[in-house]
Amino acid sequence: MNVGIIGGGTMGSGIAQVAATSGCKVKLYDTNQNALDKAKAALEKILSRLIEKGRIDEAEKTRIKSNISYVNTLKDLADSNLTIEAIIENLEIKKKVFSELESYVTDDCIIASNTSSLSIASIAASLEKPERCVGIHFFNPAPLMKLVEVIPAIQTSKEVLDKSIQTITDWKKVVAVAKDTPGFIVNRVARPFYGEALRIYEEGLADFATIDYSLKTMGGFRMGPFELMDFIGNDVNYTVTETVFTAFYFDPRYKPAFTQKRFSEAGYLGRKSGKGYYDYSEGAAKPEAKKDDVLAEQIFNRVLVMLINEAADALFLNIASAEDIDNAMTKGVNYPKGLLAWADEKGIDWCVNTLDNMYNEYHEDRYRCSPLLRKMNREGETFF
């Protein structure tokens, strides 16, 4: 299979490595020669490291490298069977690129976007043959993360969807099929991990370190929400939250937090700026968490039930299947358990009662219980 990748940044070059490793002939396109040079150097470094770890040998490194060529004109992708775009999250720029690309490729070439938040239907509308368009959303770093969300637009043909799923499965990835709605599965369902943690902080219930400690100790999360926001970048994470909030017609469940907005405005972006919720300058001491198990459990339960509620609502609105939702969260963002399986473990009655208690205390719509959880509790059902 001939694969064209548009965008030589971290994501584009990572997807190129995945496709090349699976035996595809890949052309990585970028208008910026410097970006292509960086991508080539980064691949060399990654493959050399894999040799050091004993994961591959020199012959395999040579094979993977020989499967990737670097091009700087879009017309060079004319012989592609599949193209995946991984450029800036700007709808108009993507539409312009897709429209030009379509004039070069064959009629049966699948044209896919790696967007994490934009409407696939809007992107597909820029094409003469919108039925060939699909969302294929990898997670960073693409070679390591197992999950790929595949998102059909309302225009996408069944043949294109089936071919896309088969291709990504052949690339040894786990596919989760998602409806074309804001945030798809992961970026929608994960919002309370950040949003409720920020709300707990803003209420003065606990500081950053204590909230992170609670989620890691009680929940087994690899990183706490504030550590993770610092890792992602407060500017990036805030923008995604604001985008999802706007796209859902200002549903209060996705409301951004002023704390994150102010940190972003101040340039406290996290690791990349040297300071975020924590100080990353040399010699800086990390603040001590308050190790109160009762408080930690309260914090963990509050964040967890909001995550479960979001996952349940995604199922209720047919965004994805229960299996795909749980796979998305464990394999896309490394959650210790699937949220719907976690709901079964905690008890559907516990989920409903906890949410109702929060709603009764705050009288805010962000704490409304999903109708699906309420129905399941009434009928004594479980997710699995």
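The second largest pocket holds about 850 Å³ of space, the volume being what is filled by probe spheres set on grid points joined across faces, edges and corners. A pocket here is an open set of points on a 1 Å grid over the protein atoms alone, where a 1.4 Å probe fits, with protein on both sides within 12 Å along at least five of seven lines; lining residues have an atom within 4 Å of a point. This is a predicted model, with local features needing pLDDT of at least 70 and side-chain atom pairs counting only at pLDDT 80 or more, while totals for chains, interfaces and linings use all residues. Residues are numbered from 1 along each chain as its sequence is written, and side-chain values use heavy atoms, leaving out hydrogens and water.

The lining of this second largest pocket runs to 33 residues, with Gln17, Ile46, Leu50, Pro143 and Leu144 nearest its centre. Two or more residues each come from H1, helix H2 (33-52), helix H3 (58-66) and strand E3 (68-71); helices (H or I, at least four residues) and strands (E, at least two) are DSSP runs numbered from the N terminus.

Helix H11 (234-247) is among the elements supplying at least two of the lining residues, as are helix H1 (10-21) and strand E6 (133-138). The biggest contribution to this lining is from H11, with five residues.
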